[in-house]
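Let's take a friendly look at one protein chain, going from the overall picture to a single piece. Have the sequence and the 3D view ready.

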Amino acid sequence: MQSSLLFVCITFIGVTSRLFRINEPRYVCWDETHFGKMAGFYINRTMFACVHPPLGKLIIATIGLAGGYDGHFSFTQPGDTYYTENGTLLTPYIAMRVGCAIFGTLMISAVYCIIHTLTKSVGAAVLSSMLLICDVAMVTLSRYILLDPIMLFFMFASVLGVVKASALQTRCSKQDKSFTSYWWGWLVFTGICLGCTLSVKLVGAFTVMFVGAWAIADLWKLLGDTEMVSLQLLGKHFAARVLCLIFLPIAIYVGVFYFHFHILHQSSDDDIFYSSKFQSTLHGNLLHKKSMPMHITFKSSLTMRNTLIEGMFLHSHPHYYPNMLEQYSQQVTGYKIRDGNNWWNIEPVIQQAKKLMDNVPLHDGDLISLHHMVTNKSLSVVIDKNEKWHAAPISYWNSMVASISRQNSSGNDYKNWKIELKALQNRSSGICAVDCVFKLVNVAARCCLFASLKKLPGWGKDQYEISCYHGRRYEQGCWWHAEEVLPSSNAATTAIKPPSFLTNLFESHKVMFHLNSKLKKKYGDRVSKPWHWAVNYKPQLFSKKEDKLYLTGTPVVWWINATAIPTYILFYLCVAITRKRKYHLKRDQNLKIKSKSILQNNCICCNEIILNACFVGGWCLLGWCLHYLPFFAMSRVLFFHHYFPAHVFACMLSGTLLDCFCKTLTEWWHSYLKLSPLTIHQSLMVTIIGVLFHNFYLHSHFCYGST
Amino acid sequence: MQSSLLFVCITFIGVTSRLFRINEPRYVCWDETHFGKMAGFYINRTMFACVHPPLGKLIIATIGLAGGYDGHFSFTQPGDTYYTENGTLLTPYITMRVGCAIFGTLMISAVYCIIYTLTKSVGAAVLSSMLLICDVAMVTLSRYILLDPIMLFFMFASVLGVVKASALQTRCSKQDKSFTSYWWGWLVFTGICLGCTLSVKLVGAFTVMFVGAWAIADLWKLLGDTEMVSLQLLGKHFAARVLCLIFLPIAIYVGVFYFHFHILHQSSDDDIFYSSKFQSTLHGNLLHKKSMPMHITFKSSLTMRNTLIEGMFLHSHPHYYPNMLEQYSQQVTGYKIRDGNNWWNIEPVIQQAKKLMDNVPLHDGDLISLHHMVTNKSLSVVIDKNDKWHAAPIFYWNSMVASISRQNSSGNDYKNWKIELKALQNRSSGICAVDCVFKLVNVAARCCLFASLKKLPGWGKDQYEISCYHGRRYEQGCWWHAEEVLPSSNAATTAIKPPSFLTNLFESHKVMFHLNSKLKKKYGDRVSKPWHWAVNYKASMISWIVTKTCSSEKFSFNFAAATIFQERGQAISHRNSSGLVD
């Protein structure tokens with residue numbers, strides 16, 4: 001009863017602190033520019049490329065839609081105002097912020113329930129959630145249109161689920177509620193929330209590990225319970241967990257992506273990240289519902305695209321490689337955008353020419369030469385007088401490729417390219433557009449046409465290097481397919497086969513990881529290092545304007561957390577060592593001799609409260625480690641807000657330890673001060689909460705703005 | 001009995017497999033070029049810089065010395081033959097290889113003992129050691145002049161020690177042999193071997209962790225033994241381990257370095273890695289026993305060196321920054337080598353000039369200007385017409401520094417530099433050479449003269465960038481000291497104070513880690529990824545020379561590698577034909 005009342009209070013205080021002045025600042029803050037924009041994309045149904053899975057943005061879009069956002073406001077950059085000059089609201093940003101803030105508050109309620117379930121102590125639950133409520137950083141992170149509050153909510157909801165489910169299992173057979181509908185309910189809830197966490201941000205994987213560890217510990221406990229749990233029952237337990245904690249999250253994750261592809265079907269500038277087949281499903285894209293000649297023939301004109309992510313078109317333009325004779329060195333580059341200079345004519349190599357007609361399809365192994373349509377030059381490997389190949393400008397171990405005048409009689413062999421189909425494709429029926437992936441092998445130089453992801457210097461117009469690769473190891477740059485093919489008069493045409501859902505799923509993950517790998521480490525004011533986070537070393541700027549909003553913690557909260565972690569480790573060592581020395585057994589012997597005495601609670605390793613705090617703290621520490629330590633090994637750019645999942649675990653640990661500390665102090669003072677334990681305990685709690693509130697008040701201008 | 005017999009057998013087979021045809025190949029293989037060379041340095045007593053601690057190379061040098069190696073053969077590069085054309089042996093490489101091979105064999109014997117002690121099963125011990133004996137990779141690694149066999153021996157000797165020591169402790173009080181001389185012997189043996197492992201290669205740190213984990217497990221077991229082990233006894237156990245497994249290895253590690261500094265006292269090309277004070281201890285170095293003016297005065301001529309590792313001299317030469325007017329842009333660079341263009345004249349700033357005589361020493365806070373001796377131009381921050389500073393070529397957030405004609409009247413303020421001593425130095429007695437570390441602050445531009453470790457492009461002659469740094473965070477590039485100072489007629493001179501042993505120890509570790517950090521990830525046939533190793537995915541080539549004396553074409557790490565090589569024959573034949581080695 002008391003706990004429910006406090007739960008309502010905590011939730012109310014949480015909501016109030018998050019919603020206070022939520023309309024400020026009245027302009028786009030920090031990553032709102034991304035997630036607001038992407039919500040708009042969902043509403044406009046425009047396909048885009050992003051490093052995060054879709055659910056978080058879908059939820060923001062849904063809230064925006066409910067609030068009346070029509071996708072027109074573009075969230076172009078941080079600092080763009082949400083109002084016109086005469087004060088008209090341009091977009092219902094408040095609804096979206098409120099939505100995120102509510103997720104942020106529900107996370108705190110979940111933390112309250114987790115700690116209450118684990119410790120059975122209202123004090124610990126209140127302290128943990130008050131630490132979170134009074135943290136300026138947590139308030140800042142929960143108030144804007146960001147994925148973090150949504151992800152944090154699902155994270156701790158899944159932890160709550162698994163904790164609740166295993167609380168229903170007891171060793172006493174009468175009270176054991178395994179396999180009741182309640183139990184199934186919590187387990188399914190866990191699975192759903194896990195799936196949602198993963199579908200918001202991929203760091204959810206750490207939460208999956210945490211919940212997995214909890215489930216394994218549960219099963220291990222059941223395995224040891226030889227009296228109550230038969231192997232058959234254990235099998236049922238195991239199967240229930242595999243079903244709910246593995247298959248259900250996967251199903252939800254895949255389902256979210258299905259929904260994502262279903263909603264988005266408009267083309268945009270981000271199309272270049274996707275393969276041509278994927279592009280052909282997007283309305284407005286050049287390839288959408290385009291009919292193409294069935295086969296490429298010996299007289300086709302076509303553009304060719306590499307199969308790398310962000311694949312480039314084979315491009316040439318009348319600029320020259322530096323320090324070379326012009327007639328040998330018209331640049332051949334990779335260009336990501338469709339362009340007239342991407343067009344090439346296929347022509348048969350002379351010896352074969354006579355016997356071929358226009359419409360004979362190309363086959364695997366055919367020799368062709370490629371002529372650049374605009375400048376009328378042939379694609380060729382560059383060789384010097386001694387027939388040694390010339391090194392490419394960046395990948396110097398490859399040969400250089402250039403467009404060379406057709407009249408040039410010498411080195412004609414180096415203009416011949418053999419088409420080699422990738423394995424596992426139908427070799428008999430000729431080479432088709434888009435679907436057929438092939439390698440272009442220069443027979444004379446024994447190398448294949450290769451696109452690297454290296455940008456050429458200034459003289460290359462910021463386009464990418466194309467060269468000829470002699471090895472076999474890094475072949476992934478060697479695969480090309482024809483994209484557009486000019487229809488010839490009498491050839492059969494066909495539409496591009498739409499890719500299957502699984503192909504799309506796989507491809508969009510490749511794009512996600514590709515984009516993620518492009519977020520290299522950089523240096524700047526907003527970037528920080530993982531060790532900065534735990535000690536709140538460096539605030540992260542949220543808004544450059546006059547409000548001066550920072551993502552920075554309430555000092556007292558972060559000091560408590562920073563001391564709680566080493567304290568817990570020391571504390572655990574003390575308990576472990578005293579138990580190893582068997583002090584708890586000595587107490588039992590003493591109890592037999594003396595009557596029940598004060599001895600009951602004055603040894604560290606036999607006090608129920610301390611042992612329970614030890615257990616709960618251990619799991620919190622594990623959660624903290626799982627959500628924090630991996631970042632030390634990451635090579636991508638890191639920001640302060642990546643710490644917050646770990647921060648919540650740290651607050652849970654501090655709350656538990658503080659409560660345990662208060663209770664021990666209460667017992668101790670009770671015997672000296674002759675006050676009722678309740679009075680002492682409550683005054684301690686009120687003092688701590690008072691200090692937290694005061695410190696929050698002092699620093700609240702970091703989240704609410706300074707007016 | 002049976003176990004001792006088998007032990008002798010295993011050791012014999014091990015020695016045989018390692019020593020068979022040890023004189024082949026008759027040329028320098030792979031890293032023999034490094035460690036052979038360094039053994040030579042010890043014999044010649046020449047100081048050098050290396051990423052590994054000294055012990056392994058000291059052992060190789062000792063073996064070489066015993067075999068008659070006089071340090072003349074230079075192990076210049078892999079593939080150099082050990083024989084002259086008419087078959088005369090140039091260096092006793094066989095002795096050094098045999099020495100390493102014996103360490104490699106003793107490692108196998110140690111493994112036999114470890115497994116026998118742990119499992120009490122002769123079978124397990126024989127199998128473990130036979131697996132090692134029959135591994136082609138292990139044989140290859142043990143046969144050459146490398147640190148690995150020596151390091152592996154010390155590693156497994158220390159594991160053997162800690163295993164033996166804890167085997168002597170039992171829960172039955174009558175048989176418990178803790179604190180007997182045997183027990184102490186094994187514990188001290190462990191400590192010595194741990195120290196030696198660390199002193200051969202720093203990966204020994206992982207072995208320290210393993211042995212540490214074993215010791216902690218041991219103590220934890222004793223802690224739980226409430227009947228037999230009192231807290232006092234536990235304390236004694238703990239203290240014995242701290243003494244033998246922490247302090248003893250540290251003492252040995254430090255001792256090895258002491259010995260290293262004691263042996264090496266000749267200057268070499270590697271001197272540039274070390275600080276000027278360190279260099280002054282080396283015979284043959286310019287700074288050795290050099291007497292210097294006591295203080296830098298307002299009329300001194302001097303060279304200045306940065307305090308970074310591989311510190312650079314402040315250098316200027318009559319080449320110009322690209323795309324700039326020549327009169328404003330004579331390059332100021334960092335150059336690692338002593339050179340006439342490193343010399344600068346100090347001159348007082350005009351306002352102060354009249355009241356100063358030649359011999360007044362510089363003090364913290366004095367304003368000076370610096371004139372390049374050869375080209376007679378002044379060090380200055382480059383500014384444009386609006387008094388905005390110009391960006392440096394690489395560190396574009398710093399200002400550019402150049403030598404500018406002295407007659408140039410505008411922007412004279414940007415030629416004035418304030419000397420600021422580093423904290424914790426005596427500020428009263430004037431600035432001395434070598435010892436005093438200072439910052440040169442450009443007062444007008446409010447930035448300090450900064451050396452980065454970035455090389456300038458081609459126009460900078462492969463020298464390093466010097467710029468003017470406006471922040472305070474990465475100040476380590478801002479510290480300079482005077483190195484050589486031209487003696488003036490009537491000033492008092494003094495010798496450079498030799499650095500203490502601890503300073504040298506600290507400095508040589510900084511150099512080790514600096515060199516190690518320069519070994520970045522790269523790509524090549526010899527480079528592999530950690531996951532390759534456990535599955536023997538890729539062989540590492542020790543030698544790729546086809547010799548007439550040698551029947552097989554390549555000496556590779558493994559049988560399985562042969563098939564891989566066939567698949568990659570193309571790449572290898574390409575390299576063979578590319579004429580790396582004929």
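## Chain B and its helix 1

Chain B has 16 helices and 14 strands; helices (H or I, at least four residues) and strands (E, at least two) are DSSP runs, numbered from the N terminus. This is a predicted model, in which local features need pLDDT of at least 70, side-chain atom pairs count only at pLDDT 80 or more, and totals for chains, interfaces and linings use all residues. Residues are numbered from 1 along each chain as its sequence is written, chains are lettered from A and ligands numbered from 1 in the order in which they are written, and side-chain values use heavy atoms, leaving out hydrogens and water.

Of the 582 residues in chain B, 49% are buried. Buried means under 20% relative accessible area, exposed over 50%, and partly exposed in between (1.4 Å probe, protein chains only).

Now for helix 1 of chain B, residues 2-19. Which of its residues are buried, and which are exposed on the other side?

| Side of helix 1 of chain B | Residues |
|---|---|
| Buried | S3(B), I10(B), G14(B), R18(B) |
| Exposed, on the other side | Q2(B), L5(B), V8(B), F12(B) |

After helix 1 of chain B comes R21(B), with a positive phi near 50°.

Key. Expected span 1.5 Å × (residues − 1).
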